[in-house]
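The exercises below ask the reader to work through strand pairing, nonpolar cores and aromatic contacts, each with a solution in steps. Please look over the sequence and the model before starting.

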Amino acid sequence: MAIHFVLSPIFCNFGCYYGTIAMKYLQLSENKSRILPFYLAMEEYAARIITDDDLFFMWQVNPTVIFGRNQLIENEVNLDYCHRHGIETYRRKSGGGCVYADRSNIMFSYITRSDNVERTYSRYTGAVVAMLRSLGLNAEDNGRNDILIDGLKVSGSAFYHLPGHSIVHGTMLYDTDMEHMAKAITPSRQKLESKGVKSVPSRITTLSRHMSMSLEDFKDYARQHLCDGTVTLGEADIKEIENISLSYLTPEFIMGSNPRCNKTVSGRIEGVGELEVSMELNRNVIRDINITGDFFLLGDLDGGLLAKLRGVEYTPDAVADALHGVMCDEIIMNLKNENLIKLITK
């Protein structure tokens, strides 16, 4: 049974209260170490089999850098450092920024039958914050995708949609190799300055700094607090998950693609994130275009937005006309049409 704690009605930025939600813990019938794409595929598989219950599971990997669906790997990852230190690199299908994980870091996955992004996010972060507070930790969410202890980040999350389902996954830093984290990930100076910090490690903390509970004891506690039952996946399920994971291992997916651009513009938009727009212009017409960054994707970026801009004259008025009827904030979280037009044509 889940352990329920009496909490005062503390409300988060989305209007939810920090409390428990009923989840079933998703476990495998075997106990072996897997590479990161297996667990991402496990989320997808779980979304296919979920009925009425929300599902949750925890996992750990060898040193790995995971970058977002819309990020350019060369902008975010120190590939030379990763190769020299045996750090694996993989792309995920959710948006957001680049993260580092190792065996001293726990990854959380939450799968639910919902298309409401804000509700899904707030339910998940609210439940995790409540669990941390029940341990006496000064935990809160920052209203976007981070969970903080004493004002420092201990968990970052990202999400993506499958038809009729939402998936939230993220880190929970128990302890980690700070040198690898600092040197394997290369965020832009603009991104760090926007957060008022000089480096990645300066804005994060770990659970081990705030409590004496061991990593394994914390995992047991989190599972007991967050879940009230178990779903076990057998050999046939595992085979299907392994098949799904192959899609994460293709060079095309890992490296991504970009136009043969002759114009690139970039900027940081408050509440959205960093965006880099790469364009192939020919006679002042947008022949091809792509948008990369650490933003959260809610809809069809290519078919719903970028396709509208290909073949359009490269002027503010023409871009605005092309986006008429498109709600950019339904495709990229919090992105207003006027901000995108201003960025593209600056």
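**Exercise 1.** Determine in which sense β1 and strand β2 (residues 54-59) pair, and over how many bridges.

*Solution.* β1 and β2 pair in the parallel sense, over 3 bridges, where strands and helices are DSSP runs numbered from the N terminus (strands E, at least two residues; helices H or I, at least four) and two strands count as paired if DSSP finds at least two bridges between them. Within this pairing, Tyr25 stands opposite Phe56 in β2. Between the two strands the chain passes through helix α1 (residues 36-49), and this β-α-β crossover is right-handed, that is, with the strands pointing away from the viewer, the path from the first strand over the helix to the second runs clockwise. Next, β1 also pairs in the parallel sense with strand β11 (residues 227-233), over 5 bridges, and there Leu26 has Val231 as its bridge partner. Finally, 5 of the 6 residues of β1 (residues 23-28) are buried, so the strand is largely enclosed by the rest of the structure; buried means under 20% relative accessible area, exposed over 50% and partly exposed in between, with a 1.4 Å probe and protein chains only.

The model is a predicted one, in which local features need pLDDT of at least 70 and side-chain atom pairs count only at pLDDT 80 or more, whereas totals for chains, interfaces and linings use all residues. Residues are numbered from 1 along each chain as its sequence is written, and side-chain values use heavy atoms, with hydrogens and water left out.

**Exercise 2.** Describe strand β3 (residues 64-67) and the strands with which β3 pairs.

*Solution.* Start with the side chains: Thr64 and Ile66 point one way from β3, Val65 and Phe67 point the other way, and all are buried. This can be set beside the general rule that in a regular strand the side chains alternate between the two faces of the sheet. Then take the partners: β3 pairs with strand β4 (residues 88-91) in the parallel sense over 4 bridges, while 3 bridges join β3 to strand β5 (residues 99-101) in an antiparallel arrangement. Ile66 has a bridge partner in each, namely Tyr90 in β4 and Val99 in β5.

**Exercise 3.** Which residues touch the most other members of the largest nonpolar core?

*Solution.* Of the 82 residues in this core, Phe108, Leu132, Leu207 and Phe218 touch the most other members; a nonpolar core is a set of buried Ala, Val, Leu, Ile, Met, Phe, Trp, Tyr and Cys residues joined through side-chain atoms within 4.5 Å. The largest share of the core, 9 residues, comes from α1. Apart from this core lies another, of 31 residues, including Val265 and Leu323.

**Exercise 4.** Find how many aromatic pairs the structure holds, and characterise the one between Tyr121 and Phe296.

*Solution.* The structure holds 9 aromatic pairs, counted where rings of Phe, Tyr and Trp (its six-membered ring) have centres within 6.5 Å, with planes under 30 degrees apart taken as stacked, over 60 as edge-to-face and the rest as tilted. The pair of Tyr121 and Phe296 is tilted, at 6.3 Å centre to centre and 50 degrees between the planes. This pair links distant parts of the chain, 175 residues apart: Tyr121 lies in helix α4 (residues 117-133), and Phe296 in the loop between β14 (285-293) and α10 (301-309). Both Tyr121 and Phe296 are buried. Elsewhere, ring pairs link Tyr25, Phe56 and Phe108 into a cluster.
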